[in-house]
Amino acid sequence: MSTKMDDLEASVSRFRPVGNAWLWLLRASTCAVVFLSINQAFNLHFFVGHTLLANQYMYLLLLLIIPSVFIILPIGKAATGTRVPFYDIVLAVLTGSVLCWFIANSLNMMQNGWELAAPARATYISMALWVLIFEASRRAGGTALAVIVGVVSLYPLFADAMPGPIRGFSYPLETAAGYHAMSNESIVGIPMRAFANLVIGFLIFGAALQHTGAGTFFINLAFALLGHIRGGPAKVAIVASGLMGSMSGSVVTNVMTTGVMTIPAMRRIKLKAPFAAGVEACASTGGVLMPPVMGATAFIMANFLEVSYASVAMAAIIPSFLYFFGLFIQIDARAAREGIKGLEAAELPSVRQTLKEGWFYIFAFALLVYLLLFLRREMLAPFYATPVLLIINQLFSKNTRWGRDELLAFVDTLTKLFAELVSVLAGIGLIVGALSMTGLAGTLVNDLLSIAGGSPMVLLIIGAMTSFVLGIGMTVTAAYIFLAIILAPALVATGMNAMAVHMFIFYWGMLSFITPPVALGAFAAASVAKAPPMATGVEAMRLGSVIYFIPFFFVLDPALILVGSPGEIVIALSIAVLGVMCFASGMQGYLAGVGRLKLHDRLLLIAGSIIMPLPGHTVIPLEKHEILGLAGLVIIPVVASAFLRERRLGKIELSHD
């Protein structure tokens, strides 16, 4: 366990604190990335008389970002000083030189088909880029990702020697290198295109929100609204961490920023440390699943599905609501069962004063949502919302107004965000390229269907387990992309909705953040709460347990991702809400309006709640109304008997008094 915590602490402090000369060079590169992305988004023609080709734009982004990985991310796990070693400088310069060559030869690549038949010099330079991208992704994504990227990217060299289901077309090293470096399917493929066209703007917006004090505002607002009710600080954590997690897209980062404020508040009302840390871990995990931003994976999902990002965000509304609703009910039940009250009114901020000091955060959020969901301007939305936020902050906020130091801190944050994400995405691109090159993605569909015996449920369970296991060793984005290519087509081939399938994979990939033995989100929260890590992981898994079932509900009934008529959606949502309420109450042993539940009550209530949202003729060979009747036969007697028992016990206690 100590090893796991050491890994976590290393991940938080692993950036090398470089000297001023390097710092200013990195800042210049980051500003150039922002400038370039604005030019592309608005087609401003800053490059007078010259239009950037699509692959030129990608290589230029890599040129501005990848060398910084070797400067700020050391070769080992943690930074040990400010001096940049000579070998890292060599790697940075070599990366820059290689990418300059690709930028200069972009047109030749496209016109002459170099991705499959490159000249000798282009082949050698492609090999160099392959190795450099691999090392950059290893530093940013860790050893587990590096092993997978390394093995899969080399797979085209020996694909024809593999056994049946994973056999593919083989290529010599020279052809594989050219395809990885110069095709639009590998290093500069879907992951990098999603970053270049969509993710950059949202990273800028999220960083601007954090550096203008949005985290403090959302926490203060949540305290003002919810701090006084029973279990108030825990419910505050749900709202505040959910909102911030949606913007940051990182579970661990969100835990380490909002958790330092929410966890101590939960401890003040006598919630145990593992429970308080578990609440924060679950809320931060849920934030990445919640619109409007959701992190990089959702943008890549939109690219895979060839739909607008707004479609992905809309599909995520009900599942994320059900998850947070389940968390809320569990916290309320725990507080009621243990008699935990909220904070005194004198300890809480004023709603009026809080809104007066930070109303512009809500305005910026509303503007972003309007541009995303109503005007459908995904690429441009953050580039409008960010300057509006910064201008209003400078004009109306005395406490969070930026000066020189704040501006530089904002740029430094973007440098780290860009370096980490781009190196991981480029590495994942190598995986995508290998699977595309060998044709494995297409052949595996039939093999998976054969293994599952044509059963959608068996295939879903295989998918859930695979997503979870890959989520342990890889970033969520990497796990999602891998399975979107390998598994999603097989699930869609069984007749399932494509959006629901991709969302299913996304959700199950997130579960490793709250599920032991890995549970990085829970372990991060445990370090803040000074709680036992494994106990925190178990508590987080129990609190977030509804998330293990929600993906099955919406993939079997797409009405829960807004596919269907309004009537179908309302009915499915109503049943799911009732099911989640019963499930969460059963997990904590307390049902609002009824009272405490015994063990057999809890087990029956949980069983009935899992049955209730299932559509007809899927898991159970019954019509929908028959499934509801079966769930009612299980739940209603339990609720009635518990209600009568609690009233009888209450009368006995009153008579003794």
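Where is Val 619 found? Val 619 lies in the loop between α29 (599–611) and α30 (624–656), where helices are DSSP runs of H or I with at least four residues, and strands are runs of E with at least two, numbered from the N terminus. This is a predicted model, in which local features need pLDDT of at least 70, side-chain atom pairs count only at pLDDT 80 or more, and totals for chains, interfaces and linings use all residues. Residues are numbered from 1 along each chain as its sequence is written, and side-chain values use heavy atoms, with hydrogens and water left out.

Val 619 is partly exposed, at a relative accessible area of 42%; buried means under 20%, exposed over 50%, and partly exposed in between (1.4 Å probe, protein chains only). Beyond its neighbours within four places in sequence, Val 619 is in contact with Met 457, Leu 556 and Leu 614 (contact: heavy atoms within 4.5 Å). Pro 456 is 163 residues away from Val 619 in sequence, and their C-alpha atoms are 9.7 Å apart.

The buried residues of α29 include Leu 605, Ile 606 and Ile 611.

The structure holds zero disulfides (a disulfide is a pair of cysteine sulfur atoms within 2.5 Å).

Cys 582 is buried at 7% relative accessibility, whereas Cys 100 is partly exposed at 39%.
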